Amino acid sequence: MSEPIRWDVVVIGGGGAGLAAAVSAAEAGASVVLFESEPELGGSTQLSAGMFTAAGTSVQAGLGIEDSPERFFQHYMDLNAWMLKPGLVAAFCEHAGPTLEWLTGLGVKIPATTSRNAHMPGLCRAGVEDVWRGHVPSDQGYGLVQALTAAARRHRVEVVPNTRVRRLLVSGGAVVGVVADGLEVRAGAVVVASGGFARDPELLARHYPAALAAGDDLFVVAAPGSRGDHLRFGEQVGASVAGDGWGLLLPTAYFQRLHHWQSGFPPASRIYVNGNGRRFMDEDASYAVSGGIIEAQGGPVWAVFDERARRSLPPGYAHWDADAVLREADAGRTARADTVEELAATIGVPAPALAATVRRWNDELPAGTDTEFLRHHSLAAKGVTEPLEPIDTPPFYAARTLPAELVCTHAGLEIDADAAVLDRRGAVVPGLFAAGEAGAGVLGPRYVGGGNAIANALTMGRIAGRNAAHQTQRGATS
Ligand SMILES: Cc1cc2nc3c(=O)[nH]c(=O)nc-3n(C[C@H](O)[C@H](O)[C@H](O)COP(=O)(O)OP(=O)(O)OC[C@H]3O[C@@H](n4cnc5c(N)ncnc54)[C@H](O)[C@@H]3O)c2cc1C
């Protein structure tokens with residue numbers, strides 16, 4: 001009987017982290033097999049804008065921007081209130097730039113031009129950083145996956161789609177392979193890159209209950225393969241789980257059910273008000289901070305706009321469309337009233353406060369400044385040069401707004417700076433690496449802005465693959 005095939009490295013999952021791991025392991029001379037549970041490679045990475053946060057890159061240099069991994073690290077740690085392990089985050093910040101250059105070497109194109117948003121290739125403002133770090137590639141997440149898939153093909157990575165890894169093979173405390181849909185595969189090292197658990201309600205309840213607070217308004221945009229298999233693999237080897245309670249929920253109107261590319265965008269001339277009838281934030285604030293600010297209001301918040309703003313919505317989107325909003329108002333789900341005071345009564349906020357809030361907006365923003373929340377800075381970063389309209393044309397509308405679009409989850413297998421998985425005692429689990437949403441410790445309580453998760457997946461994936469290959473080679477010679 002023939003011996004079962006033994007690979008140097010098995011990679012579980014063919015999204016950004018898995019593909020980066022497979023390519024870097026193969027570049028280091030390892031034989032690599034990658035299992036993907038779905039018919040197609042790509043996972044959430046393929047659905048994403050592909051925005052990638054990094055510092056000290058050639059794209060920044062091309063725009064005359066001075067930046068460094070050290071400055072990135074300081075911002076990253078401060079925004080996350082130093083709740084992450086500095087050694088791991090320092091490694092991430094140091095390797096994100098070189099990983100971006102590696103990707104461009106594989107054919108990913110990021111022009112050295114200023115970008116106004118995640119859909120425009122170039123460099124944009126990712127979050128609340130003082131220098132811009134959001135790198136948007138041409139062809140977005142799809143482009144990243146295509147470039148990595150082509151590199152995997154060139155390096156003869158064996159890609160096996162439609163095959164879900166069910167469990168790890170463990171011998172003497174070390175991971176020695178996987179069982180993939182009934183097939184036993186032996187390996188020198190295994191990289192878990194199976195994404196997050198956004199599509200598993202039980203795991204959400206256990207590891208990210210804040211997502212369930214959105215109730216029926218919750219909708220998940222993460223890829224179908226986001227089933228949390230990494231947490232099940234981790235249980236097999238007593239892996240430590242980090243990142244509990246953290247993830248990315250984007251604020252949306254209650255009626256949205258799709259990512260904004262399909263749902264559309266709320267009208268620019270709108271304000272968010274809290275239960276006191278007052279504005280409390282820059283409505284264009286980055287989602288690095290906006291979800292937290294909304295949650296801190298401790299109750300419902302509302303997007304308030306007028307008839308002119310409704311009519312200005314561009315057609316063709318599923319939810320933020322003039323007719324769709326009208327249907328919501330006709331059905332009584334979006335509040336509508338002929339005066340601001342009546343609108344206040346409908347949504348249960350103090351009428352004098354809401355009236356004063358709207359008056360202040362009308363006095364300031366149409367003239368180009370927002371002295372309270374500095375929204376004009378965010379608008380300028382987005383390339384909005386026209387002053388916004390006053391909110392003065394009845395009827396007036398209010399749509400409940402809440403963090404309800406679940407993009408990614410952060411709880412996963414705790415990794416060290418080498419992307420090696422740690423057990424509950426803090427010791428390395430021999431033969432096991434993890435990256436992306438499956439490998440935890442880089443994505444923190446605060447998503448630092450667009451590009452945080454892609455940079456994490458590809459950077460830590462690349463590190464995991466390289467180290468998995470080296471470990472196998474060391475094992476073969478010892
Ligand atoms: C719509 C959308 C837009 C986004 N935009 C951005 C952005 O612009 N910038 C940013 O930084 N982040 C963005 N994100 C988040 C980011 O895309 C993800 O966090 C990141 O791509 C995760 O990469 P990953 O490799 O860990 O997981 P994935 O890319 O999801 O890959 C995991 C893969 O593993 C497969 N898999 C799962 N279980 C198994 C198993 N048992 N066996 C085999 N295969 C398995 C899955 O099918 C999947 O293909 C976005 C996410 C979404 C959904």
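Figure 1. A backbone N or O atom of Asn 452 lies 3.3 Å from an oxygen atom of the ligand; a polar contact is a pair of N or O atoms within 3.5 Å. The side chain of Thr 45 has an N or O atom 2.6 Å from a ligand oxygen atom, and a polar side-chain atom of Asp 229 is 2.7 Å from a ligand nitrogen atom. Of the ligand's own accessible area of 1,000 Å², the protein covers 97% (Shrake-Rupley method, 1.4 Å probe). The model is predicted, with local features requiring pLDDT of at least 70 and side-chain atom pairs pLDDT 80 or more, while totals for chains, interfaces and linings use all residues. Residues are numbered from 1 along each chain as its sequence is written, and side-chain values use heavy atoms, without hydrogens or water.

**Figure 2. The shell around the ligand.** Glu 36, Thr 45, Asp 229, Glu 437 and Ile 454 come nearest among the 41 residues around the ligand (a heavy atom within 4 Å). The shell has 17 nonpolar, 19 polar and 5 charged residues, with Asp, Glu, Lys and Arg counted as charged and Gly as polar. Elements that each supply at least two shell residues include α1 (16-27), α8 (229-236) and α16 (452-477); helices are DSSP runs (H or I) of at least four residues and strands (E) of at least two.

**Figure 3. A sheet of 3 strands.** The open sheet has the order β11-β17-β20 and mixed pairing, where paired strands share at least two DSSP bridges. β11 (241-242) and β20 (439-440) are the edge strands, each with a single partner, so one side of each has no neighbour in the sheet. β17 (residues 412-414) pairs with β20 in the parallel sense over 2 bridges, and Leu 413 stands opposite Gly 439 in β20.

Terms used. A polar contact is a pair of N or O atoms within 3.5 Å; within protein, one must be able to donate a hydrogen and the other to accept it, and residues adjacent in sequence count only if both atoms are side-chain atoms.
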